[in-house]
Amino acid sequence: VKVADADVDPALNVGALYWAEAQYVSDNDAAAGNGLNNASYRKATVTAGTLALNLEPDPPGGFATVREHSAIYAWQATDPTVELFHADIPGAIIERFEVARKVTAVDADTWHYEYAIHNVNSDRSARAFSVDFADGTPISGVGFHDVDSHSGEPYSTTDWTPVVTPGTGTVAWSTSSFGADPNANALRWATMYSFWFDADAPPATASQILELFK
């Protein structure tokens, strides 16, 4: 696991909370229909200066580890205003993407949107994400955050390109298609990417689309 110093430095992220996630893979477990509960998470702290990661100790009489849920659930557990959805690809083995969304009213007619999308187990991966509002909805403040491949992995580290189309009220992020580049920066399994923007429209009017890589 490789993490940017700027993402975990307590001095640069005042008030931030951190979790470590582990996921095991077993083909016969997935084939038996039990492959969607193989991730667990645990709260952690980061030491100032050394940036050492410290897992929270076991509490008396229980476990600090939250079993059978990926770390994206920690966002909703600490903030009940976060919505959490499953985007499932049906098949003999269900492939799942977990989508969390938090919408905050900025003023009378502007909302701030934050999305986190976690690929639980899909080898097909994802290559694009878009949010569509009514035509002409102003959209601004667009952002994106991912994790970089490293240590000899062949995958691209190029950020997804954001595009705002004012006429259609759409904001979209994407990487290359599998046909164009099999090593593009797709949202692969056990990985989570984040997206955010401001829009002059409430969340009830938003339509979200996740496009597969393969």
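Modeller: Alanine 190 counts as partly exposed, because its relative accessibility is 34% (buried means under 20% relative accessible area, exposed over 50%, and partly exposed in between, with a 1.4 Å probe and protein chains only). This is a predicted model, in which local features need pLDDT of at least 70 and side-chain atom pairs pLDDT 80 or more, while totals for chains, interfaces and linings use all residues. Residues are numbered from 1 along each chain as its sequence is written, and side-chain values use heavy atoms, without hydrogens and water.

Alanine 190 sits in the loop that leads from E10 to strand E11 (191–199) (a strand is a DSSP run of E with at least two residues, numbered from the N terminus). The phi of alanine 190 is positive, near 65°, although the residue is not a glycine. Most residues other than glycine have a negative phi.

Four strands make up an open sheet in the order E9-E10-E7-E12, and the pairing is antiparallel (two strands pair if DSSP finds at least two bridges between them). At the edges are strand E9 (161–165) and strand E12 (207–212), each of which pairs on one side only. On average, neighbouring strands of this sheet are turned by 15° against each other, with direction ignored (axes are lines fitted to C-alpha atoms, and angles run from 0 to 180 degrees between N-to-C directions).

Next come the bridges. E9 and E10 are antiparallel partners with five bridges, and threonine 161 has serine 174 in E10 as its bridge partner. These two strands form a hairpin with four residues between them, where glycine 169 takes a positive phi near 65°. Strand E10 (residues 170–174) also pairs with strand E7 (residues 126–132), again antiparallel and over five bridges. There, aspartate 132 stands opposite threonine 170 in E10.

On the way into E9, serine 151 lies in the loop between strand E8 (139–145) and E9. Serine 151 has a phi near 55°, a positive value in a residue other than glycine. Its relative accessibility is 71%, so serine 151 counts as exposed.

The structure holds 15 aromatic pairs (rings of Phe, Tyr and Trp, the last by its six-membered ring, pair if their centres lie within 6.5 Å; planes under 30 degrees apart count as stacked, over 60 as edge-to-face and the rest as tilted). One of these pairs joins tyrosine 115 and phenylalanine 129 edge-to-face, at 5.1 Å centre to centre and with 65° between the planes. Tyrosine 115 belongs to strand E6 (residues 110–119) and phenylalanine 129 to strand E7, so the pair ties together parts that are 14 residues apart in sequence. Both tyrosine 115 and phenylalanine 129 are buried. The two residues also belong to one aromatic cluster, whose members include Phe133, Phe144, Trp160 and Trp173.

E1-E2-E3 is the order of an open sheet of three strands with antiparallel pairing. Strand E1 (18–23) and strand E3 (53–55) each have a single partner strand, so one side of each is left without a neighbour in the sheet. Its neighbouring strands are turned by 45° against each other on average, direction ignored. E1 runs antiparallel to strand E2 (residues 39–46) and is joined to it by six bridges; alanine 20 has arginine 42 in E2 as its bridge partner.
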